[in-house]
Amino acid sequence: MASQHTGTIAALSFSSCGTYLASAGVDGKLVIWFVKTGIALHVVCGDAGMLSIAWVTSSQSQNLLCGVADGTVISVIFNSNGANPHTQDLSATGYKAHRYPVEHLAIKHSQVATGALHQVFLWDHNGDEWHREASYDAPLSDGANAKSEVIITGLHWMQTKECQSTLAVSYLHHDFGMLLHILGFDAYRSLPLCRASTTISPDHRLLAVSNMTHGFDLYNLETYAIEGRVFNEIGTGRIVPVLFIHHGCTVIGGSATGTAYLHIDPVQDEFLIATGMEGRSATYIQLWEAEDICMPTVFCTRKS
């Protein structure tokens, strides 16, 4: 799957049914692929880079949101035509949500959370209508760190003992390392060292945090104690993704070396993994099939 994007792939996401794969690229393209054949069904082109993707659950049609580098959020809707998936109608509309690039999206029913630089906005999104319900401030700075940059590195809906549905926001604070803020609670949890992207397990028990030195760490979200540290060859000084997949049984970590690392409980199952990588002459989306995995660590490598 190397014929559509001409630049770095910023995000990949399967639809909930597993039939479609959406890819967002800094080349300004959002591509929707039919997984079974690897054929691109739709290409949405824009003037700015496509950075983030979130699918909207719908029984009548396929709907996804895409965050754009110019602060816009694009809503894409297309019909699910199982008989002939290559003849589907598509509509795309945009809404100016931020002044900064929208790098993070999180959806819970009709509520959409958007993250851009240090801003977090909460929207009620119904069809073509967007209504901003709330905005949340970044961690406060004092006189000693007033000029320190604060960047959102993760945005996740989660459940706690006190609240059935709330947002967890992770920030990279260049003076304090990483800060985790669960909205509704005043305290910020500090996770020291230079850390980057985050992901939360489906049971809301674990937080995986990648870093720019050795791989990723696992934290207990009730005690905030570290439960494990995974060391991978990720390259140096690069923010790499980490993600819980396959119902939380697997954590996949990226790298700057062309290798994806899987850390899983032994399973007798099959599932697909999509990875995006940029080679010397082309940008690739690679589909991998994991089958009957019985090892705790699997290395998936595609050399350019």
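Reader: In which strand is Leu206 found?

Author: Strands are DSSP runs of E with at least two residues, helices are runs of H or I with at least four, and both are numbered from the N terminus. Leu206 belongs to strand β18, which covers residues 206-211. Please note that this is a predicted model, in which local features need pLDDT of at least 70 and side-chain atom pairs count only at pLDDT 80 or more, while totals for chains, interfaces and linings use all residues. Residues are numbered from 1 along each chain as its sequence is written, and side-chain values use heavy atoms, with hydrogens and water left out.

Reader: What does pLDDT say about the protein chain?

Author: The term pLDDT denotes the predictor's confidence in each residue, from 0 to 100. For the protein chain the average is 81, and 79% of the residues score at least 70. Over residues 292-304, however, pLDDT stays under 50.

Reader: Is Leu206 buried or exposed?

Author: A residue is buried under 20% relative accessible area, exposed over 50%, and partly exposed in between, using a 1.4 Å probe and protein chains only. Leu206 has a relative accessible area of 11%, so this residue is buried.

Reader: With which residues is Leu206 in contact, leaving aside its neighbours within four places in sequence?

Author: Contact means heavy atoms within 4.5 Å. Among the contacts of Leu206 beyond those neighbours are Thr199, Ile200, Tyr219, Asn220, Glu227 and Phe244. A separation between C-alpha atoms may also be given: for Leu206 and Glu222, 16 residues apart along the chain, the value is 8.5 Å.

Reader: In what sense do β18 and β19 pair?

Author: Two strands pair if DSSP finds at least two bridges between them. β18 and β19 have five bridges and run in the antiparallel sense. Within this pairing, Asn220 of β19 is the bridge partner of Leu206. The two strands are joined by a hairpin through three residues.

Reader: How many bridges are there between β19 and β20?

Author: There are five, and the pairing is again antiparallel. Gly215 stands opposite Phe231 of β20. Five residues lie between β19 and β20 in their hairpin, and Tyr224 in the turn has a positive phi of about 60 degrees. As for accessibility, β19 is mostly covered, with six of its six residues buried.

Reader: How many salt bridges does a search of the whole structure find?

Author: A salt bridge is a side-chain nitrogen of Lys or Arg within 4 Å of a carboxyl oxygen of Asp or Glu. The search finds three. One of them joins Glu222 and Lys161, with the closest N and O atoms 4.0 Å apart. Glu222 is in the loop between β19 (215-220) and β20 (226-231), and Lys161 is in the loop between β13 (150-158) and β14 (166-173), so that the pair links distant parts of the chain, 61 residues apart. Both of these residues are exposed.

Reader: Where do Glu227 and Arg205 lie?

Author: Glu227 is in strand β20 and Arg205 is in the loop between β17 (195-200) and β18. Their side chains meet in a salt bridge at 3.5 Å, N to O. Glu227, at 44% relative accessibility, is partly exposed, and Arg205 is likewise partly exposed at 38%.

Reader: Which side chain meets that of Arg229 in a salt bridge?

Author: The partner is Asp217, at 2.9 Å from N to O. This pair links strand β20, which holds Arg229, to strand β19, which holds Asp217. Arg229 is partly exposed at 40% relative accessible area, whereas Asp217 is buried at 0%.

Reader: How many aromatic pairs does a search of the whole structure find?

Author: Rings of Phe, Tyr and Trp (its six-membered ring) pair if their centres lie within 6.5 Å; planes under 30 degrees apart count as stacked, over 60 as edge-to-face and the rest as tilted. The search finds seven pairs. In one of them, the ring centres of Trp55 and Phe78 are 6.4 Å apart and the planes stand at 70 degrees, so the pair is edge-to-face. Because Trp55 lies in strand β5 (residues 50-56) and Phe78 in strand β7 (residues 72-78), the pair ties together parts that are 23 residues apart in sequence.
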